[in-house]
Number of protein chains: 4
Amino acid sequence: VKILFIGDVSGTVGQKMVHDYLPQLRQVYKPQVIILNGENAAEGRGITEKIYKEFLTQGVDCITMGNHTWDNYDLFNFIEEATHIIRPANYENNDLIPGVGMRIIKINKQKIAVINLTGRSYMGSFDDPFRVGDELIAQAKKETNQIFIDFHAEATSEKQAAGWYFDGKASAVVGTHTHVQTNDARILPKGTAYQTDVGMTGFYNGILGMEKEAIIENFRTQMPTRFTTPESGSGQLNACLVETDDKTGQAKKIQPIRIDEDTLFMD
Amino acid sequence: VKILFIGDVSGTVGQKMVHDYLPQLRQVYKPQVIILNGENAAEGRGITEKIYKEFLTQGVDCITMGNHTWDNYDLFNFIEEATHIIRPANYENNDLIPGVGMRIIKINKQKIAVINLTGRSYMGSFDDPFRVGDELIAQAKKETNQIFIDFHAEATSEKQAAGWYFDGKASAVVGTHTHVQTNDARILPKGTAYQTDVGMTGFYNGILGMEKEAIIENFRTQMPTRFTTPESGSGQLNACLVETDDKTGQAKKIQPIRIDEDTLFMD
Amino acid sequence: VKILFIGDVSGTVGQKMVHDYLPQLRQVYKPQVIILNGENAAEGRGITEKIYKEFLTQGVDCITMGNHTWDNYDLFNFIEEATHIIRPANYENNDLIPGVGMRIIKINKQKIAVINLTGRSYMGSFDDPFRVGDELIAQAKKETNQIFIDFHAEATSEKQAAGWYFDGKASAVVGTHTHVQTNDARILPKGTAYQTDVGMTGFYNGILGMEKEAIIENFRTQMPTRFTTPESGSGQLNACLVETDDKTGQAKKIQPIRIDEDTLFMD
Amino acid sequence: VKILFIGDVSGTVGQKMVHDYLPQLRQVYKPQVIILNGENAAEGRGITEKIYKEFLTQGVDCITMGNHTWDNYDLFNFIEEATHIIRPANYENNDLIPGVGMRIIKINKQKIAVINLTGRSYMGSFDDPFRVGDELIAQAKKETNQIFIDFHAEATSEKQAAGWYFDGKASAVVGTHTHVQTNDARILPKGTAYQTDVGMTGFYNGILGMEKEAIIENFRTQMPTRFTTPESGSGQLNACLVETDDKTGQAKKIQPIRIDEDTLFMD
Ligand SMILES: [Fe+2]
Ligand SMILES: [Fe+2]
Ligand SMILES: [Fe+2]
Ligand SMILES: [Fe+2]
Ligand SMILES: [Fe+2]
Ligand SMILES: [Fe+2]
Ligand SMILES: [Fe+2]
Ligand SMILES: [Fe+2]
């Protein structure tokens, strides 16, 4: 199974990059499943129903989230019907939280389980993502060996720990949240594809996809400034392609994808 | 000027990787300056005089540090004579701290200023690295246009902010500390080479260069466990090569270097 | 000199407590100076010009702030003319920040220097409050020995450190920010009055002066909830009275004041 | 039931204060149960078997812990036999952790459930103390209405949240960890005794019971310094007395106790 995973799509520029490049990416890589992290899709903060539906129209199969899941209030209105959205699974009191943390997608004859977990280092209080991941994997294994984990976390140590912990249990553990693609994609010894962070998809000449001036001023003065994603500008798309064995679910290949003005996509 | 910068050398395996590959790196890339981050050289925690001297013997020109600078007590004994060590420059009360945060190295007819700054997000209390960086750059500019900054920080936002802030002022702003190489090396519009993190040099099949079991257990139980670097094992070397204009100091090129069992160094 | 200091006045209920009890407090304790922490005066977030002027009308001599200084945008409009407001003095780049961190108040023939410092543990990135405090004290000493420090901080360790560090240099070091009065008021050996936290002035049956339900829900679910101060309800006033030697500025007495439905103010 | 609870006993001076004053406290207040927080008993870091046994000899009924539970390795050796020690109950993976988080003590005909919970704000990753508390209370209620909770936490907001959340469910929710006694003891509307922090028992002229110099230096320089508890010196004892209805378990009274050179214990 070929899985294309697009990192944190941020604001209008990120949406445009998906719109402009997804057709080419599909043509070149022929992914059977397209997953996208959408926690920053709506001007950097959460997602709206309109954006969600546009992603589906473009062929996205499911959308993972992260610490910005609830930033846009609109999600509360449509999450119960949004059968393609996956928010972090490891809330302490998961029953109290709208939405779900794992979905099993059917693609032709294949089923793929997609799990969203969040780290805890510098991320707030959540349930142990290792144990919760184990539980969800056990549940998924009843239906499929194809298990994809978006591990949304800040600390590289926690992400590498997740990679090693789920090695041999999941098909892929790929990180999101730092918005910077890492150059460490590899297949771990027991067959799990791993990359610390896929990177973000959005405004290229900013900070994490946002206008840089307000962020620099905030770092320098500690004063409140308004962080915004621009309406237009040079864009970047960060993604990775994972290829797994159709039967065992073991990863055969992981390939980072980076498209921006310095690294043009060969078509 | 060609500058080779090797990321956080960790423990015995990291030292061995430097020992084994530096000759080849020198032969292939012909760097005029070799800088190395040594904050984890002594079993993951600081540096000793013995290790420091071995690095110099191998041709390292100077050694930057980070949040682990003082982990090995030995440094207090030799830092005042260690004219090739640079610890973070932006301590709040810099006068109370042993060592210096910038050094100007002379290589043939060239001078290169090397600056070590630490970020503050999730890193503790330090002076504003932006202002301190400006002050040191102004001081360095009296002698040279070649200015290399090792920005040791956790948050990608803070590192990107540093890249943009020093764009056009420094020849290069490259990050360390996360121990994972990022795939975002670029020349910023005003001529500064930038990479969010160079990555670490050490044990490849661990977490940040350390044995993985104790770290995973600690994440899962919050119990005290002892983090260690192994004495031997498969190694990784992460580095970057920056090439600058001899006169203006502007970056012409930045190239990430990754050597490990999955990405063998072409010799 | 008798100084009455009222802790973090929070929202409408806090304003009402000041309005209702300040006359009695003045009558009973006959303070020559009245200082109040106003960082939460406007519905828990910052202060407005209207509230500021009401405090002055009621006889407040000056108003210290804290981490919530800039929460209400109105302050940006009037701070330059607000000669009775003191925001934290230890911003990294103090020149870039509106307002001042110390004021010297004249009361009859006496002058009292009032300083606002913020701690750094769990509080963000600020300049060393110990060094900045030393500098401001040196400056104040040219005019007066009466030096009052509102040390706005979270960690008890940092506040006790400030107490000991400024012992003999300041007349009083009293803490704010935790919104809970501590039972440790004392005169330190060299003559500085100290109390870890004065406590807050506002809604008694909530959490830190705010409605409790949203806060509990947020702790339990990590979901966004709106924290609010109620418009009315049972109130609490927390304060302390410091008495200093008119000449030396040394503290002679420090007395906590707590008024609420369980601890009625004797009138 | 009269319960005497002594706050974080720190180092030799703390042990001595317990030794010297417990007989008087017993005589004056006639508590039926004596609980003590012992997380700092062994030189500020954890507890040893020797100290544990001395506390029992002196009449202590049970010992709660906190974030410093495992600082002294000795505890691992004796915790399974230490039937009077209670460590925080809300570990994420409680089954992996030695010891227990609740004990039911029998005193004559009465049973008292003692629960140790830790907060999460600034404290690390733990399970939701509210839900875990609910579960333990439900379990305890099968045997007794007398339920005492030591809520070990940093943030006043989280402690007040715990007080309100368990109001009417527990006999008492008293805080520890900040080492400074708060002046806010009260009976909440539904009958739970509450105090944000009981304070610590140990060296009076230091910072949180430790020598002040090293801590101040660390705050000022960010350099490693060794925090130590002194062998002797002026001591402080912080405690509270809670009195509950023998049948309902509802609190009838809560009284803070503070003994130090400024606040001598009336005997
Ligand atoms: Fe994101
Ligand atoms: Fe995120
Ligand atoms: Fe490092
Ligand atoms: Fe580091
Ligand atoms: Fe406040
Ligand atoms: Fe505050
Ligand atoms: Fe403690
Ligand atoms: Fe503690």
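**Exercise 1. Determine what the buried residues of helix α6 of chain A pack against.**

Solution. Begin with the helix itself, which spans residues 212-221 of chain A and is, like the other helices here, a DSSP run (H or I, at least four residues; strands are E, at least two), numbered from the N terminus. Next, pick out its buried residues, where buried means under 20% relative accessible area, exposed over 50% and partly exposed in between (1.4 Å probe, protein chains only); these are A214(A), I215(A), I216(A), F219(A), R220(A) and T221(A). Then look for their contacts, meaning heavy atoms within 4.5 Å: the buried residues of α6(A) pack against α4 (129-141) and α5 (156-165) of chain B. Finally, follow the chain just past the helix, where Q222(A) takes a positive phi of about 65°.

The model is predicted, so that local features need pLDDT of at least 70 and side-chain atom pairs count only at pLDDT 80 or more, whereas totals for chains, interfaces and linings use all residues. Residues are numbered from 1 along each chain as its sequence is written, chains are lettered from A and ligands numbered from 1 in the order in which they are written, and side-chain values use heavy atoms, with hydrogens and water left out.

**Exercise 2. Describe the interface of chain C and chain D by its area and its polar pairs.**

Solution. Count the residues first: 36 from chain C and 36 from chain D take part in the contact. The buried area, that is, the accessible area (1.4 Å probe) that two parts lose on being put together, summed over both, is about 3,600 Å², with 55% of it given by carbon and sulfur atoms. Of the area that chain C buries against chain D, N183(C), F219(C) and R220(C) supply 20%, more than any other three residues. Turning to charge, the rule finds four salt bridges across this interface, each a side-chain nitrogen of Lys or Arg within 4 Å of a carboxyl oxygen of Asp or Glu. R186(C) and D262(D) form a salt bridge, with their closest N and O atoms 3.8 Å apart.

**Exercise 3. Identify the protein donors of the iron ion (ligand 7) and classify its site.**

Solution. Donors are N, O and S atoms within 2.8 Å of the metal (3.2 Å for Na, K and Ca), and water is not among the atoms, so sites may look incomplete. D8(D) (OD), E39(D) (OE), N40(D) (OD1) and H179(D) (NE2) lie 2.1 to 2.2 Å from the ion. The angles among the four donor atoms run from 86 to 169°, and the site is irregular.

Key:
Tetrahedral: all angles 85-135°; square planar, octahedral: opposite > 155°, others 65-115°. Polar contact = N/O pair within 3.5 Å; in protein donor to acceptor, adjacent residues only side chain to side chain.
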